[in-house]
Structures are given as structure tokens and as C-alpha cells.
Amino acid sequence: EPQTGDQGDPGAKTNRTALMLHDMATPLSYSKPNLDLANGAVSAYIVDVYESAESDTVALQLIHLDSGGGGMPETIYDDQVAWLQAQLDARADPSVPMLLFIHIPFAESQVALDEGDECFGVNNDGVTPTTDDAGLFDLIAKEPSILATFSGHDHCNDFCCAYNGQHLCFGRHSSYGGYSCSGMAHEHGVRVIEFTRSDEGEVGLSTWVRMELGNKAEEHALV
């Protein structure tokens, strides 16, 4: 999800529309602006993942929603949730699995972490959630095709928790920009997500962190 600056910046230097246009001009970009949304949160789009380069069958859909940060309020707006509901209602095949990507995590990530029954990974930063998710978590929790949500924002977390039918995962601080926490300053990595579907249609979703030095950490099957 496009961001500008860091969470501590007093304000964005570039508006979201300009950022989206810049991103779309780069090679291999799949970003799409949604100029019908108010409040500047224009990076709301869905990317279709096909079974193969030769196939026109959609195997997976990736939902992107702008949850703020980088000078914008760290919130989800009503029109974003209404847009997503409309996309879900209009699907030709509601059984196609989906993943949600947002920058600011849900408050439910902290609730799930406090309960701690189905969590793995590093919690070294606490959870700084959206000030208001406008009912987004309630929407995805009742939508069986949305398998997991992936967020960032809190750089020193990479944990995943299962909560109320959803898998809530953080990424891993991959770059040398922004802040780091004690014990993670030199342990950069990226979250890898592996989606599989058998010939019989059985879906699998696994994730792990690939560390900067090449080792793999915290590999788990989510589905």
C-alpha cells in the first residue's frame, strides 16, 4: 500500500494521487488509483492472480486499502468499506480466495496477541492500530473467502495471530529506512506468502520470514 514518509512525519510531502501516478509509472507496477474515494485514500484496488501466464482463470485476489499514515489520518473511511463490499457483491466467483493488505494494523491484532493462543513470531513494538476501521474487520471476519490480512506500520513486529476466523500478520522490517528496535536493528527480512491450489481445488496458504542473510524463520501454514 503506497505510503509517504514515515509515521512520525508531520505531514505528507506529496498527495496520494501523485504518489499513485508515480508508482504506476514504474516497471511491473500493479497499482491502480480509485479517484471516486474521498479523503485522499485513493489506493484502493484489487489485483487478480491467475493460475498461469497462459490462463484466464483467477486463482487469488489481492485487496489493497489505504489505511493512512505518512501524514494522513491513520484510519479507514466508510466509503472504502462500502467500495470493498460492492466489489465482493459483484464477484463472478465468490469462492476465489482473497488476501487483504493494509498499512496500519487492526486493533484486533492486539486483542489476539493478548489472548496469545494462536500466535507466532516477534512482538517487539506493541500494536498501533487504526483510530477507526469503519467496520472493516467485521466485514472481513464474516467473509470466508478473505483468508488473511497483512499489515506493517509497527516496524519491530512480525507476528501472526488467528482471531475470529481471520489470520492477522505483520510483515518484517525489510529496509534500512525508518526506525528499528533493540534486537532487530540488523535483522532485516521480508515476509513471504505462498499460496497453492491443488488440481482438486484444495487451497493452501503458508508464510515465513526470509531473513537478510538467507535463513528462513517462523514458517507456518495458515490454511
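Which residues form a disulfide with sulfur atoms 2.0 Å apart? I looked this up and found Cys 119 and Cys 161.

**Ground rules**

I am working from a predicted model, where local features need pLDDT of at least 70, side-chain atom pairs count only at pLDDT 80 or more, and totals for chains, interfaces and linings use all residues. Residues are numbered from 1 along each chain as its sequence is written, and side-chain values use heavy atoms, with hydrogens and water left out.

**Entry 1: disulfides**

I searched the whole structure and got 2 disulfides. I count a disulfide when a pair of cysteine sulfur atoms lies within 2.5 Å.

I took the pair Cys 119 and Cys 161 to start with. I read 110° about its S-S bond, a right-handed link. The pair links distant parts of the chain, 42 residues apart. I placed Cys 119 in strand E4 (residues 119-120) and Cys 161 in strand E6 (residues 160-163). Strands (E) are DSSP runs of at least two residues, numbered from the N terminus.

Next I checked exposure. Buried means under 20% relative accessible area, exposed over 50%, and partly exposed in between, with a 1.4 Å probe and protein chains only. Cys 119 has a relative accessible area of 27%, so I call Cys 119 partly exposed. Cys 161 has 2%, so I call Cys 161 buried.

Then I turned to Cys 160 and Cys 169. Their sulfur atoms are 2.1 Å apart, and they form a disulfide. The torsion about this S-S bond is about 120°, so I note the link as right-handed. Both Cys 160 and Cys 169 are buried.

**Entry 2: a sheet of E8, E9 and E10**

In what order do the strands of the open sheet of 3 strands run? I read E8-E9-E10, with antiparallel pairing. Strands pair if DSSP finds at least two bridges between them. The edge strands are E8 (189-197) and E10 (216-221), each pairing on one side only. Neighbouring strands are turned by 15° against each other on average, direction ignored. Axes here are lines fitted to C-alpha atoms, with angles from 0 to 180 degrees between N-to-C directions.

I went through the bridges. E8 and E9 are joined by 9 bridges. Phe 195 has Leu 205 in E9 as its bridge partner. E9 (residues 203-211) and E10 are joined by 4 bridges. Ser 206 has Ala 221 in E10 as its bridge partner.

I finished at the hairpin of E8 and E9, which has 5 residues between the strands. There Gly 201 takes a positive phi near 90°.
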